[in-house]
Amino acid sequence: MRGKTEAMFDAAALRIIAVAAVVLAAATTPLRAIAEYPDRPVKILVPYQAGGVTDFVARLVAQKLAEEFKQPVIVENRPGAGGMIAVTAVARAAPDGYTILVDAPGVVLNPSLYRKISYDPKDLQPVAQLMTSPFVIVANPNVPIRSVTEIAEYARKNASKFNVATAGNSTLLAGEMFRLIANVEFTFVPYNGAAPASMSVVSGDTQLMFSDLTSFGQHITSGQLRAIAVAGERRSPMLPDVPTTREAGMPEYVVTSWFGAFVPAATPPDIVRRLNAAINRVVMLPDVVARLAALGAEPVTLSVEAFSQFYRDELVRWKDVVSRAKVPLID
């Protein structure tokens with residue numbers, strides 16, 4: 001009898017040990033994957049066509065991350081639907097750190113601009129901010145505008161023929177924000193891209209534009225466009241003689257273009273922190289800093305927590321602008 005009881009006890013003990021081994025293996029597999037991350041190629045999705053500024057910065061960072069990770073980092077362009085094709089693909093990807101989104105402010109503008117979107121902003125985990133470039137207000141040199149105050153004065157006197165070029169949602173909303181603060185009216189003229197929009201101001205077809213410095217720095221330095229003010233916290237090294245909007249008497253008008261990295265929301269925190277540390281290191285490499293400076297941009301290093309808060313604040317900020325300006329929603 002005792003032998004049978006002991007055998008039953010041994011069998012039960014073996015079953016417990018087997019279950020424990022399975023549970024332990026399941027628990028340690030994710031930990032091992034995190035510790036070894038990345039152990040295969042990483043993919044970066046860019047929501048725009050190749051050749052643009054976002055694509056350039058993404059490829060620059062990808063090259064440096066590949067050197068640090070000792071793994072290929074592949075950039076894939078997935079344009080369309082205002083950038084939402086790429087964003088949705090990342091939001092729905094496996095949360096393992098191997099699919100990364102690099103996007104400009106569109107990622108915080110689209111949720112307020114589109115009637116329906118294919119993802120929830122909470123589906124993304126902010127990882128790191130890569131760079132920032134201040135918006136600049138520029139005018140055709142033949143238009144009698146040399147200050148922020150004169151923009152408002154000119155708009156009030158010439159509302160019916162004051163045309164402002166736009167190149168996408170960010171430039172439109174930057175203009176709408178200015179319009180709300182200055183309490184003026186002007187006509188927005190949309191163009192398919194920053195290049196034709198800036199050239200419309202150069203030619204005089206439009207009189208003004210609000211956009212980031214990377215879009216038309218060369219036109220300013222050549223004298224084809226007049227820089228009125230830099231909408232950043234401080235003057236741009238590229239335009240040291242151009243005042244900020246704060247210095248010009250409009251401190252509440254601060255608009256910047258920025259690029260950030262995101263992963264699916266359920267990505268393990270240790271992988272998110274690993275990516276954050278790696279990106280923060282590579283954007284501060286001397287050659288990266290120099291190449292960003294040539295665009296009129298500068299690197300930014302934020303913690304995961306700080307960039308996550310920035311992301312949430314930007315979502316709220318632009319939703320407020322869209323609402324107050326009564327911007328028509330996009331179907």
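Analyst: Let's start at leucine 124. Setting aside neighbours within four places in sequence, leucine 124 is in contact with Val87, Val90, Ala91, Leu101, Val107, Tyr119, Phe262, Val263, Ala265 and Tyr311. Bear in mind that this is a predicted model.

Now zoom out a bit. Leu124 belongs to the largest nonpolar core, a group of 51 residues. Leu124 is also listed with the residues that have the most contacts inside that core, alongside Val107, Ile137, Phe162, Phe178, Phe210 and Tyr253. As a general rule, nonpolar side chains in soluble globular proteins tend to be buried together. Helix H11, residues 304-325, gives this core its largest share, seven residues. Apart from this core there's another one, with 35 residues, including Val61, Phe69, Ile100 and Leu130.

Leu124 also sits in strand E4, which runs over 124-139, and that strand takes us to some open space. E4 provides four residues, the largest share, of the lining of the second largest pocket. Strand E9 (256-264), strand E10 (298-299) and H11 each supply at least two lining residues there as well. By type, the lining splits into eleven nonpolar, seven polar and six charged residues.

Methods. Residues numbered from 1 in each chain as written. Predicted model: local features only at pLDDT ≥ 70, side-chain atom pairs only at ≥ 80, totals over all residues. Heavy atoms only, no water. Core = buried A, V, L, I, M, F, W, Y, C linked by side-chain atoms within 4.5 Å. Buried < 20%, exposed > 50% of the residue type's maximum accessible area, 1.4 Å probe, protein only. Contact = heavy atoms within 4.5 Å. Nonpolar A, V, L, I, M, F, W, Y, C, P; charged D, E, K, R; others polar.
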